[in-house]
Amino acid sequence: MTIKALVFDFDGLLMDTETTLLDSWRWEWRRHGLELDQASFFADHGGDANEERYVALATAVGQGYDRVSSHELRMEYRAALNAALQPSPGIVDWLDRAAELGLRLAVASSSPIDHVGALLDRSGLLARFEVLATGEEVAAHKPDPAVYLLALDRLGLPGSEAVAFEDTAHGAAAAKAAGMSCVAVPNHYADHARFTAADIVLTSAADLPLDDVIAALAAKLP
């Protein structure tokens, strides 16, 4: 196999923003004297699921719920959590080695550019990526392959020459639908058994050096 580019999901993979998202919602429910049901929190698709989350909270709180202030306070709380985030373990080593190997780097995320770009910039990772493809640029979110196809188009590469790195099962399905091989690094809240579409499943980006990941993919694929 010929690999020319690595394409990374953002949330939950490059940085653990899934935990800050969950914590911000847990905090907001507790502010109203309630407990969030984590079992139904994470959606099986990319993109923004917060409208449904606000509806659920409004129903639980009842009369007097102020959606505007609820959103403002939660976002302020999450911004403070995000400000302390660092790249996930092993990610910087992978990116360093990719640069040494001459591999091109891209991000394909269902989240909007103001979220992805700001956190990549703050963490010092933004300049490493040649291409960013984000959710507001496509009509459908993962498991639809649209954002991966956009990233591939901007790279000028077919899916067969790029590897996707994902933390969710619906993200892995999107990558495969775009014709890419996929390395899954499930986030803390994902069921490992659901990653049937991925070619390799790791517990952390620190599990294997990038060279070993590429070699493992080569051994699995024609």
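R104 and E130 form a salt bridge, with their closest N and O atoms 2.6 Å apart. A salt bridge here is a side-chain nitrogen of Lys or Arg within 4 Å of a carboxyl oxygen of Asp or Glu. R104 lies in strand β2 (residues 104-108), and E130 lies in the loop between α5 (113-123) and β3 (131-133), so the pair ties together parts that are 26 residues apart in sequence. This is a predicted model: local features need pLDDT of at least 70, side-chain atom pairs count only at pLDDT 80 or more, and totals for chains, interfaces and linings use all residues. Residues are numbered from 1 along each chain as its sequence is written, and side-chain values use heavy atoms, with hydrogens and water left out.

**Salt bridges**

- Side chains of opposite charge can pair when their charged atoms come close.
- By the salt-bridge rule, the count comes to 13.
- R104 is partly exposed at 27% relative accessibility. E130 is also partly exposed, with a relative accessible area of 47%. Buried means under 20% relative accessible area, exposed means over 50%, and partly exposed lies in between (1.4 Å probe, protein chains only).
- K4 and E161 meet through their side chains in a salt bridge of 3.5 Å, N to O. K4 lies in the segment before β1 (5-8) and E161 in the loop between α6 (146-155) and β4, so this pair ties together parts that are 157 residues apart in sequence.
- K4 counts as partly exposed at 38% relative accessibility. E161 is buried, with a relative accessible area of 19%.
- R154 forms a salt bridge with E137, and the closest N and O atoms are 2.6 Å apart. This pair links distant parts of the chain: R154 is in helix α6, and E137 is in the loop between β3 and α6, 17 residues apart.
- R154 is partly exposed at 37% relative accessibility. E137 is partly exposed at 36%.
- D9, K142 and E166 are linked in a network of salt bridges.

**The sheet**

- Helices (H or I, at least four residues) and strands (E, at least two) are DSSP runs, numbered from the N terminus.
- An open sheet of 6 strands has the order β3-β2-β1-β4-β5-β6, with parallel pairing. Two strands pair if DSSP finds at least two bridges between them.
- β3 and β6 (200-201) stand at the edges, each with a single partner strand, so one side of each is left without a neighbour in the sheet.
- β1 and β2 pair in the parallel sense over 4 bridges. Here A5 stands opposite R104 in β2.
- β2 also pairs with β3 in the parallel sense, over 3 bridges. V107 stands opposite L132 in β3.
- Strand β5 (residues 181-184) runs parallel to β6, and 2 bridges join them. A184 stands opposite V201 in β6.
- β2 is mostly covered: 4 of its 5 residues are buried.
- Helix α4 lies across β1, β2 and β4, running at about 155° to β1. Contact means heavy atoms within 4.5 Å. Axes are lines fitted to C-alpha atoms, for helices over the stretch in contact, and angles run from 0 to 180 degrees between N-to-C directions.

**Aromatic rings**

- A pair of aromatic rings is described by the distance of the centres and the angle of the planes.
- The structure holds 7 aromatic pairs. Rings of Phe, Tyr and Trp (its six-membered ring) pair if their centres lie within 6.5 Å; planes under 30 degrees apart count as stacked, over 60 as edge-to-face and the rest as tilted.
- F41 and F42 form an edge-to-face pair, 4.9 Å centre to centre, with 90° between the planes. F41 is buried at 6% relative accessibility, whereas F42 is partly exposed at 25%.
- W94 and F165 have ring centres 5.2 Å apart and planes at 55°, so the pair is tilted. W94 lies in helix α4 (residues 91-101) and F165 in strand β4 (residues 162-166), so the pair ties together parts that are 71 residues apart in sequence.
- W94 is buried, with a relative accessible area of 2%. F165 is buried at 1%.
- Ring pairs link F8, W94, F129 and F165 into a cluster.
- R53 lies over the face of F41, at 4.0 Å from the ring centre. A charge sits over a ring if NZ of Lys or CZ of Arg is within 6 Å of the ring centre and within 35 degrees of the ring normal.
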